[in-house]
Structures are given as structure tokens and as C-alpha cells.
Amino acid sequence: MAEEGATAADAHAGKRPAPKREPDKPPAPEGEPDKPSALDADAGSPPTGGLGTLLLTLVLPALIAGAGLLAGHVWPMEARADGTVYGYLSAALLAVGLYGSAGGVERPEHRGDVYRIVVAITFGVGVKAALIAAALWLAFRNQPEYLVLAVAMAQIDPLSVSAMLASRDMSPRAKSLLAAWASFDDPVTTVLVVILGSLVLTGAGGISSGATTYAQTLVGNAVLLVAAAGIWLLARQPRSRRDEPVGTRRTAVQIAALLALLTAATWNFWMLGLAVSALFFRPRLGPWLGRATNAALWVATFLLGMLLAAGANFSVGIVLGCATFAAQIAVGAVVTLGFSARDRTSLCLSQQNGITAIILALLLEPRLPEAVAIIAPAILVVNVLHLGSNAALARSRLQRTRG
């Protein structure tokens with residue numbers, strides 16, 4: 001969801017000047033750089049807390065999905081992947097979302113937390129998916145295909161995290177960990193969804209156009225990554241002129257190259273290579289990348305609504321949503337060992353789902369027709385649990401402070 005004028009994809013280090021300090025604002029403590037991050041807020045957009053958070057997290061997506069639902073009743077949409085507009089559109093939405101998410105990754109506040117981030121986005125994602133899958137297996141033993149849905153929900157939505165992080169009562173170190181965790185667990189989840197989907201799901205349709213399993217595209221991902229690195233070495237600002245503004249011609253070349261990378265990733269489903277490329281391939285796009293990421297979110301939400309015209313499966317969706325939120329508590333408690341109790345609690349209650357879960361539902365729909373019907377209510381359950389638990393936590397902390 002959009003934060004104050006930007007999303008997690010809007011800002012990269014050095015891409016915009018730091019905001020002017022208010023006269024009464026104390027200087028940043030030593031060791032905490034006073035610079036904008038991917039999670040900084042810009043003036044002039046809806047508030048990130050309270051009513052603004054409720055509107056951005058629940059109300060606005062519900063309205064867009066509702067509009068799609070109405071459209072789906074008038075113009076029923078069939079989800080088909082191979083060589084169809086639906087297949088390429090869903091892959092393109094995922095490409096934009098993954099690039100925007102990984103593009104928001106910055107250096108952690110504490111160097112020692114690098115290993116925590118790696119653990120969170122690899123082992124942590126796998127453990128969360130296993131815990132969610134176990135809950136679904138216990139509840140629906142005769143539905144092994146539901147295991148894929150567990151993986152699709154195992155990531156944290158970076159746009160939602162970005163929109164709410166400014167109002168979180170967390171240390172800069174904990175915020176940095178959560179931002180990196182939310183930004184880069186998306187491509188890991190995508191890899192697991194496609195590989196597991198190719199093993200568990202049956203049917204003629206593919207999850208994406210041009211790829212039967214993600215494992216078969218590892219070479220293509222490597223080629224895309226090497227090509228992106230080579231192009232960026234040629235197109236980036238020379239080190240001798242690093243302090244000078246990037247010229248219009250060079251910026252145009254970088255943007256054209258980025259569009260080519262997005263096209264190649266969409267056509268061949270080379271999403272992992274694209275996500276890794278986003279860690280260094282960063283043209284100065286200003287607010288446009290954030291706007292494109294938000295546009296991808298709204299389009300995906302609208303398509304989700306259109307597919308929901310066939311109905312929703314609330315029984316499975318509620319179990320999936322509750323299991324996802326509980327799995328984050330379990331994994332967060334392990335990943336945050338050594339943090340303060342305040343930070344650990346906040347990180348354990350940080351599960352949110354949004355753009356990636358929505359787009360993965362769209363990608364899975366051709367081979368698992370219940371994907372959208374289950375994931376849509378699960379996202380709603382997770383976000384309601386998130387808002388409710390964090391509101392209760394904030395109220396408890398306020399009462400403790402006053403007492």
C-alpha cells in the first residue's frame with residue numbers, strides 16, 4: 001500500500017535529498033545515518049497510522065476488488081496461462097512487484113543483522129510455509145494441493161510494511177530488519193510456489209507463460225542477471241563523476257535497459273534473476289517506480305475481484321489466514337533472538353499480505369481454480385489480525401507508560 005507519497009520501491013539510497021530537519025528535532029544519534037530510506041515518508045499523502053492505515057490496508061483494496069467483482073459478473077474472465085493475455089499480464093504484474101520490492105532493500109542498520117535477514121528470507125520462509133502447510137494438512141487432509149497456497153502466503157507484503165513502518169514503535173534496527181525481510185522474501189516465495197506447484201498440481205496449464213517449472217529456468221535467470229550486471233556497468237554513472245547528477249541521455253539508456261529486463265523476465269518468467277538485479281540495477285526513477293508498483297497492485301486487486309465473481313472459499317481462507325499469522329509469530333520469535341522484548345513482539349506481529357500474495361493467486365488460478373477463492377479471504381484475515389493485534393499492543397504499551 002502507498003505510504004506518504006511513496007512506497008517501498010519509491011526511494012533508494014541517494015536518490016533524493018534528505019528532508020529538512022525541523023528546528024526542534026534533535027540530531028540523529030551517532031551510528032544512525034540521517035538519510036532517507038526506502039521507508040521514509042514524504043509529505044502530502046494519506047497518513048500512515050490510525051484511520052489512514054485502515055483505509056490503505058483494508059478499505060481501498062476492498063473497494064477495488066469490489067469493482068472487479070462487479071465487472072466479473074458482467075464480463076466473466078477465464079484464467080488461462082499458456083500464451084494468453086492473462087498469463088503474460090499476471091507475469092508482468094509479478095515482475096513489476098518483485099522489482100519494486102527488491103529495489104527497496106537497503107543496507108541493514110546493524111551489520112550483524114545480515115545473517116538474520118538471510119535466515120529470515122530463506123530458512124524462515126521455508127519454516128513458515130511448512131507450519132502453514134501443516135495446519136492446512138490437519139484441517140483438510142484430502143487436499144494436498146492446498147500446500148502450494150501455504151507457500152504463496154508465507155511472505156510479508158513490503159508495500160504494507162512500508163506504509164505502516166513510520167508509525168511502528170520499533171527501534172531503527174528492528175525496522176531495518178523488517179524492511180529487508182519484507183522486501184526480499186517475495187522472490188524466494190515465488191521460486192518455492194512455482195517449484196512446488198509443478199510437483200503437486202496437475203493439469204495442462206502452466207503457472208506462467210513459457211515456463212513449466214522454475215527449476216528449468218535457472219540458467220535463464222543466471223543469464224539475465226549477468227546481462228543486467230554488464231549493462232549496468234556500462235550505463236551507470238562513472239565513478240569519477242559519481243557526485244554529479246546523472247544526465248538525461250544516460251538516464252534514458254538506463255530506463256530503456258530496465259524495460260528490456262522487465263520484458264525478458266515477463267516473457268520467460270525469469271523472476272529470481274530480475275529480483276537479484278534490482279539490488280544494483282537502479283536508475284533514478286524518482287516516484288515513478290513507486291507509482292508503477294502501486295498500479296500493479298491495483299490492477300492485480302481488480303483482476304482478483306473479477307475472478308472472485310465465481311465465489312470465495314471462506315472456510316479454507318480463514319484457516320489459511322490464521323495459520324499464516326501464527327507462523328509469523330513462531331518464526332519471528334526465533335529470528336529476533338537477542339532483540340529487546342518490544343522489538344520482538346512487534347516483529348512477531350508484523351505479518352501482512354498484499355501484492356505478492358494477490359499476484360501469486362492469479363498465477364496459480366489456471367492450475368488451481370480455488371487459489372483466488374481461498375487466498376483472497378486469507379489476505380483479509382491476516383490484515384485484520386495484524387491491525388487488531390497491533391492496535392491492542394499499542395494500547396497496552398500506552399497504558400503501561402501512563403501507569
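The model is predicted, so to speak of local features a pLDDT of at least 70 is needed, side-chain atom pairs count only at pLDDT 80 or more, and totals for chains, interfaces and linings use all residues. Residues are numbered from 1 along each chain as its sequence is written, and side-chain values use heavy atoms, with hydrogens and water left out. In short, the protein has 14 helices and zero strands, and buried residues make up 51% of its 403 residues.

**Overall fold**

- From the N terminus on, the elements run α-α-α-α-α-α-α-α-α-α-α-α-α-α. Helices (H or I, at least four residues) and strands (E, at least two) are DSSP runs, numbered from the N terminus.
- "Buried" here means under 20% relative accessible area, "exposed" means over 50%, and "partly exposed" is in between, with a 1.4 Å probe and protein chains only.
- Take the contacts between residues at least 6 apart in sequence: 83% of them join residues at least 24 apart. A contact means heavy atoms within 4.5 Å.

**The largest nonpolar core**

- The largest nonpolar core holds 98 residues, and Leu149, Leu320 and Ile375 have the most contacts inside it.
- Helix H6 (residues 172–200) gives the largest share of this core, with 11 residues.
- A nonpolar core is a set of buried Ala, Val, Leu, Ile, Met, Phe, Trp, Tyr and Cys residues joined through side-chain atoms within 4.5 Å.
- Setting aside residues up to four places away in sequence, Leu149 touches Leu320, Leu364, Leu368, Ala371, Ile374 and Ile375.

**The second largest pocket**

- The second largest pocket has about 440 Å³ of space. Its lining counts 23 residues, and the closest to its centre are Ala62, Ala65, Leu308, Ala376 and Leu380.
- Helix H1 (51–74), helix H10 (288–307) and helix H14 (371–402) are the elements that give two or more residues to this lining. H1 has the largest share, seven residues.
- The lining divides into 16 nonpolar, seven polar and no charged residues. Ala, Val, Leu, Ile, Met, Phe, Trp, Tyr, Cys and Pro count as nonpolar, Asp, Glu, Lys and Arg as charged, and the others, Gly among them, as polar.
- On a 1 Å grid over the protein atoms alone, a pocket is an open set of points where a 1.4 Å probe fits, with protein on both sides within 12 Å along at least five of seven lines; lining residues have an atom within 4 Å of a point. Grid points are joined across faces, edges and corners, and a volume is the space filled by probe spheres set on the points.

**Two polar residues in helices**

- Lys128 lies in helix H3 (residues 114–139), and it counts as buried because its relative accessibility is 0%.
- The side chain of Lys128 makes a polar contact with the side chain of Gln328 at 2.9 Å. The C-alpha atoms of these two, 200 residues apart along the chain, are separated by 6.6 Å.
- A polar contact is a pair of N or O atoms within 3.5 Å; within protein, one must be able to donate a hydrogen and the other to accept it, and residues adjacent in sequence count only if both atoms are side-chain atoms.
- Beyond its neighbours within four places in sequence, Lys128 is in contact with Ala154, Gln155, Ile156, Ala327, Gln328, Val331 and Gln351.
- Asn390 sits in helix H14 and is buried, because its relative accessible area is 14%.
- A polar atom of the Asn390 side chain lies 2.8 Å from the backbone oxygen of His386. Leaving out neighbours within four places in sequence, Asn390 is in contact with Arg168 and Leu349.

- Phe269 is in the loop between helix H8 (248–268) and helix H9 (271–277). Phe269 has a positive phi of about 60° although it is not a glycine. Most residues other than glycine have a negative phi.
- Phe269 counts as buried because its relative accessibility is 1%.
- Leu285 is in the loop between H9 and H10 and is buried at 14% relative accessible area. Not counting residues up to four places away in sequence, Leu285 touches Ile255 and Leu258.
- Leu272 lies in helix H9 and counts as partly exposed, at 28% relative accessibility.
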